[in-house]
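This briefing is meant for someone meeting the structure for the first time. Please look over the sequence and the model before reading the points below.

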Amino acid sequence: MAEQANRKIEARVVKVISSEMIVINKGEDDGITIGMPFLVYRLGENIIDPETNKNLGQLEIIVGRGRAAHIQKNITTLYADDKAGGLLSGLSSLLPQPPSIDGVFNSPAVGDYVKSLGRS
């Protein structure tokens, strides 16, 4: 079980209930626990290094941060994390789409990517 607790969980948004609440396609069977923090994002353009012309990967556009609030066998309801918004609000003017501010996700959509963050 400790092994499962340390591994990153990757998921997708399967239902948008509101700008404060989304459902992802992972649950209890995947090791999600109450309060587990997640980053919700979508993929942007490929970033190319102008000096080497090397593809550095796709930009992750932050939709917001959330925490697991209700866990079922194969799905989890995430609520937007207003603490995350407070920490990131200063960056909002620098980002193409600001992260969750005041406990809301920024235009969440079915198919957005989700990944677990360090436990806190």
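How many bridges join strand 2 to strand 5, and in which sense do the two strands run? In this predicted model, four bridges join strand 2 to strand 5, which covers residues 76-80, and the two strands run antiparallel. The points below set this pairing beside the other elements, the surface and the confidence of the prediction.

**Overall make-up**
- The chain has two helices and six strands, and read from the N terminus its elements follow the order α-β-β-β-β-β-α-β.
- Of the 120 residues in the chain, 34% are buried, while the chain exposes about 7100 Å², of which carbon and sulfur atoms supply 52%.
- Among contacts between residues at least 6 apart in sequence, 64% join residues that are at least 24 apart.

**Strand pairing**
- Strand 2, residues 21-24, pairs with strand 1, residues 10-18, in the antiparallel sense over four bridges, and the two strands form a hairpin with two residues between them.
- Within this pairing, Val 23 in strand 2 is the bridge partner of Lys 15.
- In the pairing of strand 2 with strand 5, Ile 24 stands opposite Thr 76 of strand 5.

**A nonpolar surface patch**
- Ile 47, Leu 56 and Leu 59 form a nonpolar patch on the surface, and together they have about 240 Å² of accessible area.
- Leu 59 lies in strand 4, which spans residues 55-71, and Leu 59 counts as partly exposed because its relative accessible area is 34%, a value that falls between the limits of 20% for buried and 50% for exposed.

**Residues with positive phi**
- Most residues other than glycine have a negative phi.
- Asn 53, although not a glycine, has a positive phi of about 65°; Asn 53 is found in the loop between strand 3 (37-48) and strand 4, and counts as exposed because its relative accessibility is 62%.
- Ser 107, also not a glycine, has a positive phi of about 50°; Ser 107 sits in the loop between helix 2 (82-88) and strand 6 (113-116), and is partly exposed, with a relative accessible area of 47%.

**Confidence of the prediction**
- The mean pLDDT of the chain is 83, and 76% of its residues reach 70 or more.
- Over residues 83-101 the pLDDT stays under 50, and for this stretch the model has 25 contacts beyond four places in sequence.
- Where pLDDT is low, the predicted coordinates should not be read in detail.

Technical notes: Residues are numbered from 1 along each chain as its sequence is written. This is a predicted model: local features need pLDDT of at least 70, side-chain atom pairs count only at pLDDT 80 or more; totals for chains, interfaces and linings use all residues. Side-chain values use heavy atoms; hydrogens and water are left out. pLDDT is the predictor's confidence in each residue, from 0 to 100. Contact means heavy atoms within 4.5 Å. Two strands pair if DSSP finds at least two bridges between them. Patches are made of residues with over 30% relative accessible area and no salt bridge: like charges are joined within 9 Å, nonpolar side chains (Val, Leu, Ile, Met, Phe, Trp, Tyr) within 5 Å. Accessible areas come from the Shrake-Rupley method with a 1.4 Å probe; for residues, only the protein chains shown count as cover. A salt bridge is a side-chain nitrogen of Lys or Arg within 4 Å of a carboxyl oxygen of Asp or Glu. Buried means under 20% relative accessible area, exposed over 50%, partly exposed in between (1.4 Å probe, protein chains only).
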